Structures are given as C-alpha cells and as structure tokens.
Amino acid sequence: MMNRLLPIAVGAIAILAFATLMLVILPGIQIRIEEAPAGLQPYTAQELAGRQQYVNLGCVYCHSQQPRSHEQTLADAAQGWGRPSVAADYVYDRPHQLGTMRTGPDLLNVGARLPSADWHLTHLYQPRAIFDWSNMPAFPFLFEEKAQAEPGDMVVKLPPEFRPDGKTIVARQPALDLVAYLQSLDRSYPVDNEKNAVRDQGFAKRLEDR
Amino acid sequence: MTTMGLLLALSFVASLGALGFLIWAIANRQFSVNQQDAASIFEPGEIGTPDDSTAFQSHKDAKQQGFDAARARIDEAGHKVVVLMVAGAVLALIVGSLFGLISSFKLHLPDFLADSAVMTFGRVRTMHLNLVSYGWLSMAGIAAAMWMVPRMFRTPLRRPNLAFFGACVWMTATTLAVIAIGLGYSEGAEWLEMPWPVGILLGIGGACMAIALVDTARHRQVHHIYVTAWYLIGGLCWFPILFFIAKFPGLHAGVQHATVNWWFAHNVLGLWLTPLGVGTAYYLIPKIVGKPVFSYAVSLLGFWGLALFYSQVGIHHLIGGPVPTWVVTLSIVHSMMMFIPVIAVAINQHGTVLANLWAFKQSVTLRFVSIGALMYTLASFQGSLEALRSINSVTHFTHYTVGHAHLGAYAFTSMVMFGAFYYMLPLLTKREWPWPRLLNLHFWLVVVGFSIYFFAVSIGGWLQGMGLLEVGRPFGDITRMLQPYLQARSIGGILMTFGHLIFAVHIAALLLNKQAVRSVASVQPAAIAETV
C-alpha cells in the first residue's frame, strides 16, 4: 500500500472526511437548528454597516465575544462581561467574531456595559484620552477635523490636550456605524435551559465532581 | 445528553474500525515497509557519505560528485519554477517579517502609524499572517517539494510549464490577498481573511503545481514511495478540501462558522504546513548525515497517526465557548492522542541526528533542519497540553497562544525551510554559497531572537492568563503588567528580521552571481544516467 499513490491518497481523504463529519457536519446540524432567543433582535442596516467596520479593522484580533461560564472562572462575570454565551446568541452573526484573544476586554455585552455613544466616539478617536494605560489603536481616520462644527455634526468630546490645535473633531459615518454596532452588542437577556445546553459544559461537570 | 453519548459512541466505533483495519492491513503486509525502503533516497554506494556542500565539501569523492551531476540533470526541468518559488517565498518572508514587526511595535506604541486604516493593528497583523503562511511557508514548502520529488523518484519534474504558471498564479493570489486585507476587504475569519475570489485564484495556482507533482510521481523510477512523499501526498489532498469547504461563500454562519473556522485553521497547520515541514526534514536529515532514518517502520505510525488524530483537534480552540460539549471533548481527546505520532516522528528524526552528532556540529544546514524537527516535537507536546481544560483556562485568550503558534510555524517549519534552502540551492544552481559564514550568523540571530520572543510572550501570556482569571483584577492592571514583555517581543522580532535579511541577501547573491560555479565532475554512473 505504501508503494502506490492511490491508496495513500484515498486513505488520507477518507480520514479527513471522517473528521469533517465529526467536527463540521454533525456540530453544524446541532447548532444550525437553534433559533434566535426571544430577546435577540436582528441587526439594523446601520449596525450591519458598523459590524463591517468591526470586521475590516480587525477588532476580533484583540477582542473576544464569548464570556466564560462561572464554572470555568468567576472573573469574566466580575469584569461585567455578562453571562456565558450560547450558540443561539450568534444566529445573526456572519462572519462569526468569537475571537481567541483578550488584549482588550470581551465585547459581547459592551452595549449593555457602556451604552454611551459619546464615550465610544471619544474612545475610538483616542483611547488614551480615557484610559492612560490603554494599548488600543487610535482610529483618527474615522473622524475629521473641522474649524467649526456644522449643524447635524456629531462632535467628539475630548479633553483639551487631545484636541489638535483648537480644531473640532467630528465623527464620520463609519465611526457612527461602528458605535451603533457596539451599542447593539447586548446579550444580557435570559436564555432557557434548552438553549443553555448548546455550549461547552465540560467545566460544569468538574464542579459537580468536586 | 443522548446526542452526546451517541456521537461519542459513533466516534469510538469508527476509531475502533480504523484501528482494526490498520491491524488487518499490517497482518496482510498491505503496509509492509522495511529498513531497506528507508535507503531508497540514496544511490547505490552513496550511504556513508555526508552531503552538505558548505560543511563536507572535502568528503566528496569523484563518485559522489557523479551522483550530483546525474541529479543535476533531474533538477533541470524544474529549475525555473523552483527558483521562482524560492524568490517569491523569500520576498514574502521579508515583507511578512516587516508587517509582523510593525504589529508587535503597535502593541506597546499604539499611536505608531495610527493615521491610516491600512496600517491599523488589525490589518497589519492579518497581512503578516497571510504573508508568512500562504506566502513564505507554503511557497517554501512547495518549492522544496518540487525539488525533492523528482530527486526522490529519480525522474525530472513533469509539466514544468504548468507548474511555472501555477507558481505565478499562487504568487499573484497571495499578493492580491494581502492588498485586499490592507484595503479592508477581509472576510473576517482568522486564517480565512482573503476574499473568496482570491481564494479561487490560489486554488487554481495550487492545483497546477499539484498536477505537475502527481504526474512526476506517476512516472517515478523507484518502486517504493519514500515517507517524505506520503506527507506531501497527504498535504496535497488535504489542503484543497479544507480550503474549499471553509471558504465556500454564504455557507457558514454564527457558531457553526466558528467550528468550521477552527477545523480549518488548525488543520492548515497540522495537515498542510506540518506535512511540508516533517516531510522535508524526513528527506534532508538522512541525506545530510548520509545514513537512512533510524527506524523506518515507525514512520508509518507517525504518518497515519497524524492523519487520524490531528484532523480532529481543531475545536480545542473553542474550549469553554458556545459549542456543544461533545465536540470540544472529542478534540481534547484527539489532542492527547497526538503524542503517539509525534513521538514516532521524534524517534526517527532525533534518533538519526543523535547517532550522528558529529554532523550536527559541522553542518549549519543540519542544525537548522534538526532543531526545526526538535521544535516540532516540543510545539506538539505543548499544543497537546494546552488542550487540557485546566491549562486552556489560563492560556486561552492570551499571548501564550501566540508564542505556541510561533513555536510551530517559526521554530519548526521556518527553521526546516531555512535549512532546506541552504541545502538545495547550491545543488540546484551548481554554485557555492558566496559567504558560508553568514549561515552561522543567520542561525544565531534567529535562535537568539526567537528565544527572546518565545520566552517573552510565554511568560507574559501566562501571567496575563492568571490575571484574567483573578476576580476583581482591574483590566488596566493586566495591560500595564504586559508592557515589558511586549517590548521584549519586539526586540526578539528585530533580531529575527535581521536574520531574514541576511538570508535574503545571501540567496540573491547566489542567484545573481554567475561566477562561483561548483566543480562538478563529469563522471556519470551509468545506472543513474539511464533513468534521466
């Protein structure tokens, strides 16, 4: 068998097909039959535009969107990041933005935790205007500098030392969209036991065993 | 609970079935390989002669140089495409390193290059990843494969023009992917950011090169298929399937998208970059020391074990997340099983090096390859342990994982590829390295640089993970604590990038300098000449 090409190829493909069944198809079926919880609304057009900003600026590389359960750690809830999320919480998410990194905090419930648009605009324009320790990038290109704000402009509130020589900073549309998306991130509604079953409960078992 | 039990039972039964088939096959000699097969990459009489032009030139007698001359004729057909892929890979490495360095700087100097969207952290980091994975590592691996396969099978590369076309398409696709990500056309899933039309282009390029390789294998002049080729065949079958399913537009959503994402992202390491690296090491280590691998039969276990277990480990990236418990558990179990194939490969490769430590001391090329192979063992052990729930709770969501990723993709695969280029290019171009001492400088720059990098992110990441588990620890406190570790990481990155620049300059000098021609004897053993 190890002297012929075809058997090696067939064996290799068969093994991957089995892995695909176990890791992609079966969990996919189990997850995709989940319906949206009663408390979850589809994204509005503006929130979707903002989500697109979140995706293309690569926010996911520093921010997760999946708070951990109290069985695994009490710290996530203590940070105010919300209840452990379940598969049904993400039915409207394309692409998913679960994330694998917490250089910054988890954002699944940032809209509930920090509802103020003013706060987010200031923070996006210059994070260090709010937290001197922050290493989040500033996003000045989502804003414009004006000598004077015009009617309808969303002015960014800034401490004087962060304002470039007396100019006014005004949010451009992408910044407003992104803030709308961040405000929409709120999965604080309750979920029933059935929905709660579709999450990794491997840590719950261990708590029972102890 | 019922579904979970049923699915785990199904997985168990299927694994038992596969194991039973393996036992049947071995009993019926379907899988028979013996120690003689390990010698199939050597010409008759060649065993016992170490081979690395910068280290053992004096060992080469007329007979050995005769082998080189015969193989040089085998190299000829693929010469153009291999040189193109080498040049492309090195260019991607340089640009990719610069983007990596910029993103590292941004983590402790967040206002550095903050004025344009193209250079924001989330995009620079992503351009770095795509350049080093689809640019440098994939192209270096394919270049090595297109050079090794004809030599292993003692027949010139078939359809070299198709392969050349494929190489151009692959390079165009990688370039377009990076530009698209820079301009904000990311699809948003890690490792799968390139827009899907660019993905199709990448697929076409890969397919053209795969056709050339398979056609070469079909015309092989040796009976046995050497272990390196198992890994290459595996990689060639696996990567297109993974990429096609994971990139299929409009198919995936929500948490299901996350499971596909991590099934892909872990397999692109385990079933694509790992086979390229392990396969290349399996060819180079015995060739350089001049002796076949330690225990050839064990390499069967290494290959089939990798396929069986590695293909199911991906969901350990979602431990504690919103995915069904059974699939997380399944991936954790398979992560543990990975110890088996990894130890099998370790016995073979490290056993061969340990028995020939004199060669390790003399040949910098062997040092690159065998340290790379050693790092495969360590990275795999580390990966298995990180999949344990207790350890994962600390290391997940931290820079510790970034360190692990670089231990695999850099200390293992990249180091093997550095060695492969140093071994292959003098033979391919029939020229000597202009400044052999630079090999040593490159080696020490990347070893020291990577050590600083790895320990900085591993220690910092572990402390970050402990901080994130501590109730009431302010987030800003963790960020402040991490700063010195992130600065140290940048210092390591600078040293590594210097090493890469030396590597690139040396390769450019070798390719452009037409003077230093190797003294290749005109002797040609008749047995080899016939097959060419």
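1. Basis of the note. This is a predicted model, in which local features need pLDDT of at least 70 and side-chain atom pairs count only at pLDDT 80 or more, while totals for chains, interfaces and linings use all residues. Residues are numbered from 1 along each chain as its sequence is written, chains are lettered from A and ligands numbered from 1 in the order in which they are written, and side-chain values use heavy atoms, with hydrogens and water left out.

2. The largest nonpolar core. A nonpolar core here is a set of buried Ala, Val, Leu, Ile, Met, Phe, Trp, Tyr and Cys residues joined through side-chain atoms within 4.5 Å; buried means under 20% relative accessible area, exposed over 50% and partly exposed in between, with a 1.4 Å probe and protein chains only. The largest such core has 171 residues, of which B:Trp136, B:Met146, B:Trp230, B:Phe264 and B:Phe421 touch the most other members. Its largest share, 20 residues, is supplied by helix α8 (residues 254-289) of chain B, where helices (H or I, at least four residues) are DSSP runs numbered from the N terminus. Because domain 1 (1-33) and domain 2 (44-189) of chain A both give residues to this core, it lies between them.

3. The domains of chain A. The bounds of the two domains come from an automatic or database domain assignment, and the centres of domain 1 and domain 2 of chain A, taken over C-alpha atoms, are separated by 40 Å.

4. A helix pair in chain B. The axes of helix α7 (residues 227-247) and α8 of chain B come within 8 Å and cross at roughly 160°; axes are lines fitted to C-alpha atoms, for helices over the stretch in contact, and angles run from 0 to 180 degrees between N-to-C directions. α7(B) and α8(B) are therefore roughly antiparallel to each other, a term used for angles over 145 degrees.

5. Backbone details. A cis peptide bond, with omega about -5°, joins A:Arg94 and A:Pro95, and A:Pro95 is placed in the loop between α3 (75-78) and α4 (110-113) of chain A. B:Phe397, although not a glycine, has a positive phi of about 70°; B:Phe397 lies in the loop between α14 (389-395) and α15 (399-429) of chain B and counts as buried at 1% relative accessibility.

How values were computed:
Helices (H or I, at least four residues) and strands (E, at least two) are DSSP runs, numbered from the N terminus. Angles under 35 degrees count as roughly parallel, over 145 as roughly antiparallel, 65 to 115 as roughly perpendicular and the rest as oblique.
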